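Try each task before you read its solution.

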Amino acid sequence: MTQRTGLLDRLPDRKGLDRIWGVLPAARLVGGSVRDLLADVPVHDLDLATPEPPEEVQNRLEDAGIRVIPTGLSHGTVTAVLDGVPYEITTLRRDAETDGRHAVVVWTQDWAEDAARRDFTINAMSLDRHDRLHDYFGGQEDLRKRQVRFVGDAPCRIAEDALRALRFFRFDARYGNGVPDSAACKAVSEHLKLIETLSAERVASELLRILSGPRLAETITAMAAVRLLQVILPDPDLAALNRMLNCDAPANSLLRLFALCHENSRELSGRLKLSNADAARIEVWASDRPVLSPGMSDDDLRRLRAEQDLDQLVERSWLYQARLVGKPDSTWDRFRSGLQALPQPHFPLSGKDALAQGILPGPGMGQWLKKGRDWWMAQGCLPDRAQCLAYLAGYP
């Protein structure tokens, strides 16, 4: 189905796009950009496809004075950069071989053949420079009905790339109507073994995007119903996640992941191969120290600020609220506001001060500084440098 639209008029700036079309007139906008133009939501990336092979695409663009980055020539992709804006341009392809993780592709000039290898009907549409929509699989109607369906045979699409099982639920959360496509759910449930062939990094990336998205409670429940969630995570606790969501906590995907797997949280980093920074945050949450409680005095809050990073304290407060209350709570709101209102306390002494007191580097210096810091903390982190030195006079 092909029809004229007014979609290009929705773009705030199409100068770069028009310049590319001047060089590659047969190219079309594809995938998410077309879908989001139709849905009338912000478009973040303008990706294109074209019948010309990637080397010819690169040569034509460079001859026109356009900067080109060969981001994936073996997969038919180059990136044109105009005024700092990247435009990914991919040669039309069809899959020659697939193994559930990777595909061997060959070039084609058949737009329908290229569309047939895409995941969902709403992502298989294209838009040409004349503002004509090309829709081979009913994506526009599915988008109108808020229905996410695989292109063609759902089992085949998942067999080509098992990550599409997770992507289905991510897209259904955003574009679906609350009732996931039964054929898709059946295909996912019958191909769970393929999930085990995926790299942990790919699974983690997709899962974290789901956890930061809309309609999370419905989506996670649907994933659990087909046993997909249980393949990915150890003993997921949906009730704990729902308590977090009921608190109206920020849409922090890592925090939601921890709530979902709090009983097995220390397994998460290795299982999903999370970054070192994310693994460190999870380790802090799992240790559950220092203890937090609403109604703490300003001295207590300063001590907390001196012991732990403010962001970590705020994140941990949401975990406490979810576990102990499970709903919006003004006492925990005041606790966070109190934490954030206080200036960051800093212990005013250092090794230089110890040296000035005649204390040489070594265990004695560490003990001197620790004694001073313990006293400073006991006083609510308020004493200044002179007061700390006065307290330590004559020690050791």
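The model is predicted: local features need pLDDT of at least 70, side-chain atom pairs count only at pLDDT 80 or more, and totals for chains, interfaces and linings use all residues. Residues are numbered from 1 along each chain as its sequence is written, and side-chain values use heavy atoms, with hydrogens and water left out.

**Exercise 1.** Compare the reach of helix α18 with the expected span.

Solution. Start with the term: helices are DSSP runs of H or I with at least four residues, numbered from the N terminus. α18 covers residues 310-324, which is 15 residues. The expected span is 1.5 Å times one less than the number of residues. For α18 that gives 21 Å. From first C-alpha to last, α18 reaches 21 Å, close to the expected value.

**Exercise 2.** Why is α18 described as largely enclosed?

Solution. Buried means under 20% relative accessible area, with a 1.4 Å probe and protein chains only. In α18, 11 of the 15 residues are buried, so the helix is largely enclosed by the rest of the structure. Among them are Leu313, Trp318 and Tyr320. Next, look for the cover: it includes α13, α14, α16, α17 and α19.

**Exercise 3.** Find the residues with the most contacts inside the largest nonpolar core.

Solution. A nonpolar core is a set of buried Ala, Val, Leu, Ile, Met, Phe, Trp, Tyr and Cys residues joined through side-chain atoms within 4.5 Å. The largest one has 85 residues. Leu29, Leu61, Leu228, Ile232, Leu233, Leu257 and Leu272 have the most contacts inside it. A second, separate core has 13 residues, including Trp368 and Trp376. In soluble globular proteins, nonpolar side chains tend to be buried together.

**Exercise 4.** Is Asp36 buried or exposed? Which side chain makes a polar contact with the side chain of Asp36?

Solution. First, locate Asp36: it sits in helix α2. Its relative accessibility is 5%, so Asp36 counts as buried. Now check the partner. The side chains of Asp36 and Tyr175 are joined by a polar contact of 2.5 Å. Such a contact is a pair of N or O atoms within 3.5 Å; within protein, one must be able to donate a hydrogen and the other to accept it, and residues adjacent in sequence count only if both atoms are side-chain atoms.

**Exercise 5.** Which residues does Ser265 touch, not counting residues up to four places away in sequence?

Solution. Contact means heavy atoms within 4.5 Å. Ser265 touches Phe258, Ile282 and Ala286 on that count. Ser265 lies in helix α15.

Technical notes: Helices (H or I, at least four residues) and strands (E, at least two) are DSSP runs, numbered from the N terminus. Buried means under 20% relative accessible area, exposed over 50%, partly exposed in between (1.4 Å probe, protein chains only).
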